[in-house]
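My plan is to jot down what I look up, entry by entry.

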Amino acid sequence: MLLALFINLSLSLLVCPSAGSQAQFPIAQNVTVVEGSTANMTCRVDYNDNTSLQWSNPAQQTLFFGDKKALRDNRIELVRASWKELTISISEVTLSDEGQYTCSLFTMPVKTSKAFLTVLGVPAKPEITGLSRPAQEGEDVTLTCTTSGSKPAAGIRWFRNDKEVQGQKEVNATGRSFTVRSTIHLKVDRTDDGAAYTCVVEHIALGSLPHQVTEVLEVHYPPQVQIVRSVIVPQEGQYFKLECVSKGNPLPEPVFWTKDGGELPDVERMIVEGRDLIITTLNKTDNGTYRCEASNHLGTNRDEFTLYVYAKDFPGTTTDPNALMQPGPDHALIGGVVAVVVFITLCFIIVLGRYLARHKGTYLTNEAKGAEDAPDADTAIINAEGNHAHAEEKKEYYQGAARNVVHLKSENLGFANNYALRQEYVRCIM
């Protein structure tokens, strides 16, 4: 009987712990936090027969055994302790807190679960170096953006005003974190003066609010000068102004005005106000070449304007700038019309020439035919027209006209010979 009781107890010990061991298994999850925040480590078990849970750090130091604190670290606190759960918190997490933590359930044998604590290193605010002094036009400039303390390594992007530019990235490990640098190389000109170069640091720890820093590039360059007039067609008696538009860095101050290579001749009417030359009342003596000159420590530049003063109400001039800006005739259209007219004229001349040449050949041919059988020149001319049927009639008429000429007075004989005879002869042959 004692043997039977021993056998039953042994069977129950074999069966019951096996069923409980399948449920008595601790469960823990990995945790990711940002450096400086608080990490909560939770361990749970679905079935527990009054067995204690324990948390230990990556160095296998016990943090909490049940609700009993084992490690003296003011950052570690108990959140919840029961037979089915043990939760602790670690405040002001540092990169050194990262690692694998162990939750243990003290059964026979001891069951454990691992949870990895990942600490994200927050990148420091970036700094841009390489702009210790203003750059000069044509100079090579190197800008470097640096950020440290990131984990994993941060990303860096460059922007010139609103347009992204590519940089060269360099990553160096510094203990548990990384130092990241990005460099851009520039050959600056005057268009870079005032350009804003922005370094943007992106990292998972920053979310949608990246760090960024901006530096405005200052470029020194020599002056650029242009003279702008106030009136398009200056006339006598008008108010007239020449503006000297000068650009440069440093800004050239002041500007100098001259006329025909010398000083301004009439300081009472020619007034310099800042960069402007004002002539209060124009007259013919103001004609000449005016020069504006501007300088800074990088160089000197100048521009010239030749002034010609027109007489008041001079024909062909106007004081209305809008009238001068009106579009002129379309020269291409006029040229096209002229070309068409010339072409048509040439075609007409060619056709007319060919027509005249053809009829001239016909006339000569008929004249030759009429002259073949003619006894004299008159008959040949009459026959050249092809009127053989009336040849005798025309010849008789011509002879009658000649007899009438014989009876003319002597003083009219010359006239008859020179006029009437010829007229009668023409009538005869026609």
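**Cysteines and disulfides**

I started with Cys347, which is partly exposed at a relative accessible area of 31%. I kept in mind that this is a predicted model.

Next I wanted to know how many disulfides a search of the whole structure finds. It finds 3. Numbering the bonded cysteines in sequence order, I get the pairing 1-2, 3-4, 5-6.

I looked at Cys43 and Cys103 and found their sulfur atoms 1.7 Å apart. The torsion about their S-S bond is about -80 degrees, so I noted this disulfide as left-handed. Cys43 sits in strand S3 and Cys103 in strand S9, so the bond ties together parts 60 residues apart in sequence. Cys43 is buried at 0% relative accessible area, and Cys103 is buried at 0% too.

Then I checked Cys145 and Cys199, with sulfur atoms 1.8 Å apart. Their pair links strand S13 (residues 140–150) with strand S18 (residues 196–202), across 54 residues.

Cys244 is in strand S21 and Cys292 in strand S25, 48 residues apart in sequence. Cys244 is buried at 1%, and Cys292 counts as buried at 0%.

**Cores**

Which residues have the most contacts inside the largest nonpolar core? I listed Val33, Met41, Leu53, Trp55, Ile88, Tyr101 and Leu117, in a core of 23 residues. Several strands each supply at least two residues of this core, including S3 (39–44), S9 (99–105) and S10 (111–120).

A second, separate core has 19 residues, among them Val231, Val255, Trp257 and Tyr290.

**An open sheet**

I traced 4 strands in the order S15-S14-S18-S19, an open sheet with antiparallel pairing. S15 (163–165) and S19 (211–216) are the edge strands. The twist averages 30 degrees from one strand to the next. I found 3 bridges joining S14 to S15, and Trp158 has Val165 in S15 as its bridge partner.

**Aromatic pairs**

I got 3 aromatic pairs in the structure. Phe65 and Phe106 have ring centres 5.4 Å apart and planes at 65 degrees, so I logged them as edge-to-face. Phe65 is in strand S5 and Phe106 in the loop between S9 and S10, 41 residues apart. Phe65 counts as partly exposed at 35%, and so does Phe106 at 37%.

Terms used
Residues numbered from 1 in each chain as written. Predicted model: local features only at pLDDT ≥ 70, side-chain atom pairs only at ≥ 80, totals over all residues. Heavy atoms only, no water. Core = buried A, V, L, I, M, F, W, Y, C linked by side-chain atoms within 4.5 Å. Buried < 20%, exposed > 50% of the residue type's maximum accessible area, 1.4 Å probe, protein only. Pairing = 2+ DSSP bridges. Axes fitted to C-alpha atoms, helices over the stretch in contact; angles between N-to-C directions. Phe/Tyr/Trp six-rings, centres within 6.5 Å; stacked < 30°, edge-to-face > 60°. Disulfide = S-S within 2.5 Å.
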